[in-house]
Amino acid sequence: MKILVTGGAGFIGSNFVRYFLEQNPDDSIINLDKLTYAGNLDNIVDLKGNSRHQFVCGDISDQVLVDQLSAETDAIIHFAAETHVDRSIVNPEVFIQTNIYGTLVLLEASKKHCHRRFIHISTDEVYGSCPEGDFREENILTPSSPYSASKASSDLLVLSYYKTYGLPTIITRCSNNYGPYQFPEKLIPLMISNALEDKALPVYGDGLYIRDWLYVLDHCEAINQVFHRGEVGEIYNVGSENGKTNLDIVQFILNALGKPVSLIQHVKDRPGHDRRYAVNPEKIQKELGWKSVYSLESALEETIHWYCKHTDWWTRVKSGEYRQMYEKIYGVSL
Ligand code: NAD
Ligand code: DAU
């Protein structure tokens with residue numbers, strides 16, 4: 001099969017493209033990514049010259065381009081999105097454009113070209129904050145931020161294309177990912193890189209907010225299984241049932257790097273900050289046999305080690321220098 005992957009130069013998308021090509025030697029990928037500030041060809045530089053991977057720099061909202069790429073492919077796995085909650089609070093418009101309108105463009109093209117699968121990568125944030133217990137797939141959506149509201153809207157659009165047109169869609173809703181190539185605006189890579197630079201670690205509010213951390217390769221395997229064996233029209237939660245406070249995570253990082261806790265700086269809280277996320281992954285576990293296999297302690301240590309070894313990568317990403325560099329190296333206009 002030939003698959004159109006969107007957002008495959010971002011954090012999860014780049015890990016997924018590499019993983020999927022390894023796991024599925026008969027399949028190939030067209031990787032459509034706009035290379036926004038979050039997309040980075042460094043993340044997939046090892047795939048340059050791979051005949052089963054074709055990179056296309058473009059926007060998922062570009063109907064003509066998406067139609068052309070959909071005509072050449074059999075399925076879509078859709079990661080591309082604006083993903084940072086803080087940015088959505090400051091500038092929500094682009095979240096509406098990419099996450100909602102962009103998804104609509106992809107759904108239309110997928111319908112027109114009778115695709116065999118449309119996998120929509122969503123998030124646990126669409127359920128909103130979970131004071132106790134955990135959320136199942138049938139829980140109502142109460143998103144808190146413009147980011148999560150735009151993702152919830154795209155989920156509803158995807159469901160409508162299954163119900164109305166019979167498009168073979170599947171939605172996954174995953175908890176917080178961590179691992180290599182995550183943009184250093186997100187908690188874990190920001191804290192690791194700041195600590196390595198002996199800069200302050202900005203912890204929002206009291207730092208007792210809880211997230212369920214999942215190693216990115218666990219997520220990639222979940223999507224791989226959903227793609228091959230998931231039931232169309234369904235939603236699958238993906239999580240590791242491993243809730244930790246932000247302070248737990250930050251202290252773990254400081255300890256692993258041998259840095260002092262005095263680097264922690266409590267700062268103003270995020271508006272509308274969700275206190276706790278928790279999804280119940282029983283459905284994907286029982287129906288598809290998926291289970292997270294990486295332990296938080298060892299995979300987080302590995303991740304810290306990766307950022308220590310790749311200071312060039314995050315220094316370039318943090319400075320924005322990579323944009324000019326890629327224009328020169330790859331001849332791509334960003
Ligand atoms: P990311 O921000 O690292 O990457 C997003 C990618 O999408 C970038 O490469 C960017 O260039 C591309 N992109 C953005 N707008 C585009 C457009 N208009 N056209 C084409 N490409 C565009 O994001 P991520 O953390 O890898 O998240 C990927 C997906 O997984 C998102 O849909 C996100 O909502 C979802 N998700 C993320 C997490 C997480 O913890 N990171 C958890 C659950 C779900
Ligand atoms: O839950 C899945 C979601 O996880 C994804 O859908 C989003 O795309 C992804 O960005 C992530 O959202 P969060 O808001 O949970 O992730 P973030 O890394 O921004 O923040 C994690 C927690 O850490 C959150 O409680 C806010 C806090 N935080 C974050 C930053 C960047 C801080 O305390 N300080 C910071 O500097």
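Colleague: Is C114 buried or exposed?

Modeller: C114 is exposed, at a relative accessible area of 64%. The cut-offs are under 20% for buried, over 50% for exposed and partly exposed in between, with a 1.4 Å probe and protein chains only. Bear in mind this is a predicted model: local features need pLDDT of at least 70, side-chain atom pairs count only at pLDDT 80 or more, and totals for chains, interfaces and linings use all residues. Residues are numbered from 1 along each chain as its sequence is written, chains are lettered from A and ligands numbered from 1 in the order in which they are written, and side-chain values use heavy atoms, leaving out hydrogens and water.

Colleague: OK. How many disulfides are there?

Modeller: The count is 0 disulfides, where a disulfide is a pair of cysteine sulfur atoms within 2.5 Å.

Colleague: Switching to the ligand. What sits around ligand 1?

Modeller: A shell of 28 residues, with I12, D33, T83, Y147 and K151 the closest. To be in that shell, a residue needs a heavy atom within 4 Å of the ligand. By class there are 12 nonpolar, 12 polar and 4 charged residues. Nonpolar here is Ala, Val, Leu, Ile, Met, Phe, Trp, Tyr, Cys and Pro; charged is Asp, Glu, Lys and Arg; the others, Gly among them, are polar.

Colleague: Which element gives the most to that shell?

Modeller: β5, with 3 residues. The elements that each supply at least two are α1 (11-23), β5 (117-123), α5 (146-165) and β7 (176-178). Those are DSSP runs numbered from the N terminus: helices are H or I with at least four residues, strands are E with at least two.

Colleague: What polar contacts does ligand 1 make with D33, G10 and I60?

Modeller: A polar side-chain atom of D33 is 2.5 Å from a ligand 1 oxygen.

Colleague: How much of ligand 1 does the protein cover?

Modeller: It covers 97% of the 830 Å² of accessible area that ligand 1 has on its own.

Colleague: Next, salt bridges. How many?

Modeller: The whole structure has 16, counting a side-chain nitrogen of Lys or Arg within 4 Å of a carboxyl oxygen of Asp or Glu.

Colleague: Where is the D155 one?

Modeller: D155 pairs with R173, closest N and O atoms 2.8 Å apart. D155 is in helix α5 and R173 in strand β6 (residues 169-174), so the pair ties together parts 18 residues apart in sequence. D155 is buried at 0%, and R173 is buried at 2%.

Colleague: And what about K283?

Modeller: K283 bridges to E234 at 2.6 Å between the closest N and O atoms. K283 lies in helix α9 (residues 282-288) and E234 in the loop between α7 (216-229) and β10 (235-238), so this pair links parts 49 residues apart in sequence. K283 is buried at 17%, while E234 is partly exposed at 26%.

Colleague: Which residues form a network?

Modeller: R87, E185 and K186 are linked by salt bridges in a network.

Key:
Polar contact = N/O pair within 3.5 Å; in protein donor to acceptor, adjacent residues only side chain to side chain. Areas by Shrake-Rupley, 256 points an atom, 1.4 Å probe, with all protein chains shown as cover.
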